[in-house]
Amino acid sequence: MIPGFTFVAVAAFLALLLLLSTRDEEDKDYDATVTRKRDRLGSAHALPPAELALRIFSPKDREFIRLTHSPRLERLFHKERRKVAVHWVRQTSREVSTIMRHHRLNSRYSRNMNVAAETKLFGQYLELRLLCGVLLLLIRLFGPHALSNLASYAGKVYEQLGRAMPDAGPATHYGGSGDLAVP
Amino acid sequence: MLNMMIWSVGIFLELLLLVRGYQKQLYRQFPIFYGYFLFVTLVDFVRIGAYRWASIHFFQVYWVTQFLSLAVGSGIIFEIYRVALRPFRGAARMARCALLIVFAAIFAKALTIPSGEVFTWLAKASIELERNLRIVQALAILTLVLLFLWYAIPFGKKLKGILFGYSLFIGLSIVQFVLWQYSWEQIRPFWSYAQPVCYLLVIGIWVRALWSAEPHREVYPNAQIESDYELLMASTRGQFRKTLARLGWVARA
């Protein structure tokens with residue numbers, strides 16, 4: 001058992017070293033000043049506009065297609081919308097990586113680097129990548145409207161629960177700001 | 001006979017590396033690495049002497065010099081850290097912090113051994129002790145390599161060769177020691193050849209990397225970036241916040 005584990009660990013260690021030795025050093029001297037200039041202009045990380053996200057994942061178009069009562073058209077719509085949604089999430093994920101890459105290529109020179117802040121930032125980066133991964137999985141499995149469907153389903157369940165317990169309805173428990181109201 | 005042949009080839013390659021280092025003045029760039037090599041070459045001559053004229057003391061000489069080589073060899077990790085991260089002060093700071101955590105974790109693990117057993121542990125077979133020290137070295141190298149990959153630290157052929165060769169040496173040593181511990185009977189016939197052959201392989205990598213005429217390229221830090229760190233952090237955080245908000249709209253759509 002232990003020798004097996006050791007061999008796997010050593011193999012992984014050597015593979016990592018091989019990765020390092022074969023790494024393309026083309027971008028080794030990525031010009032940090034150029035990056036910063038691009039940062040200031042704001043054009044390097046132009047993320048897809050918010051309207052685009054709202055439109056891709058909005059149920060309005062789906063409702064409109066449903067009105068045509070054409071199953072073929074609906075199928076086509078779902079297929080295309082799924083592709084667009086996957087593309088959008090992938091692009092967002094790539095841009096998160098680019099932002100982080102620019103950050104670490106600049107921060108590596110910095111004498112006053114804050115290790116705690118860097119660690120926290122790395123955590124945020126992982127969180128964003130994970131979110132993109134989960135979103136991709138959900139889109140692939142249930143389609144682009146999965147999240148809004150899930151939200152509306154949760155809402156319905158909550159309403160039903162409220163109806164089942166008339167004395168402690170959801171409206172009396174949940175304040176507008178998200179705080180628990182005193183019954 | 002075969003053992004002596006492997007040994008001689010090893011000494012020849014070590015001398016070749018030292019001569020080349022002297023000719024190209026590489027010892028100025030990598031003083032610890034060449035110091036280690038000088039030490040290892042001298043150790044080889046001491047071992048040959050012990051083997052020929054005092055063979056009854058050979059194993060004592062072997063293990064004492066082996067531990068000294070291990071201690072001096074740890075300096076190579078420091079050299080890799082020093083040369084690679086010299087212009088990258090931010091990455092060097094992160095590396096110091098990460099290495100501190102790794103060594104603190106190892107130290108904490110060592111403290112869990114009851115005090116009475118520490119001496120028993122030290123007195124255990126030398127091979128086991130060397131294996132444990134090699135694992136510590138491997139963890140330190142792993143931490144450095146992960147940071148080098150994360151911060152895209154450029155190396156140059158020479159430093160990359162030193163790092164790859166030494167890591168391979170440590171990796172192969174750990175495998176050998178584990179094999180020794182768990183399947184001694186099966187590997188006994190090959191044991192006396194395995195370590196020298198692996199060492200020849202490693203020294204071959206070093207000769208090839210350090211033979212290169214390409215000079216070690218210095219990278220100079222950018223003064224503007226040093227002063228703009230807070231701005232950089234704020235900018236990255238802001239962009240992350242915007243992206244998170246955008247991903248949140250997906251659920252709200």
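1. Leaving out neighbours within four places in sequence, B:Leu200 touches B:Ile6, B:Val9, B:Gly10 and B:Leu13, contact meaning heavy atoms within 4.5 Å. B:Leu200 sits in helix α9 (residues 184-211) of chain B. Helices here are DSSP runs of H or I with at least four residues, strands are runs of E with at least two, and both are numbered from the N terminus.

2. A word on ground rules. This is a predicted model, where local features need pLDDT of at least 70 and side-chain atom pairs count only at pLDDT 80 or more, while totals for chains, interfaces and linings use all residues. Residues are numbered from 1 along each chain as its sequence is written, chains are lettered from A and ligands numbered from 1 in the order written, and side-chain values use heavy atoms, with hydrogens and water left out.

3. Chain B overall: eleven helices and zero strands. Of its 253 residues, 47% count as buried, that is, under 20% relative accessible area with a 1.4 Å probe and protein chains only (over 50% is exposed, in between is partly exposed). Among contacts in chain B between residues at least 6 apart in sequence, 81% join residues at least 24 apart.

4. Next, helix α3 (residues 31-53) of chain B. Its 23 residues should span 33 Å at 1.5 Å a residue, and the end C-alpha atoms are 33 Å apart, so the two agree; the expected span is 1.5 Å times one less than the number of residues. The buried residues of α3(B) include B:Phe33, B:Tyr36, B:Val43, B:Asp44 and B:Arg47.

5. How do α1(B) and α3(B) pack? Helix α1 (residues 2-23) of chain B meets α3(B) at an angle of about 150 degrees, with the axes 10 Å apart. Axes are lines fitted to C-alpha atoms, for helices over the stretch in contact, and angles run from 0 to 180 degrees between N-to-C directions. The pair is therefore roughly antiparallel (over 145 degrees; under 35 is roughly parallel, 65 to 115 roughly perpendicular, the rest oblique). On the α1(B) side the contact includes B:Met4, B:Trp7 and B:Ile11, and on the α3(B) side B:Phe37, B:Thr41 and B:Tyr51 are among the partners. By class there are 14 nonpolar, two polar and three charged residues; Ala, Val, Leu, Ile, Met, Phe, Trp, Tyr, Cys and Pro count as nonpolar, Asp, Glu, Lys and Arg as charged, and the others, Gly among them, as polar.

6. Over to chain A, which has eight helices and zero strands. Buried residues make up 35% of its 183 residues. Of the contacts in chain A with a separation of 6 or more, 70% come from residues 24 or more positions apart.

7. In chain A, helix α5 (residues 71-107) and helix α6 (residues 115-142) have axes that come within 9 Å and cross at roughly 165 degrees. These helices, α5(A) and α6(A), are therefore roughly antiparallel. The contact residues include A:Arg82, A:Val89 and A:His103 of α5(A), plus A:Glu118, A:Tyr125 and A:Cys132 of α6(A). They divide into 13 nonpolar, five polar and five charged.
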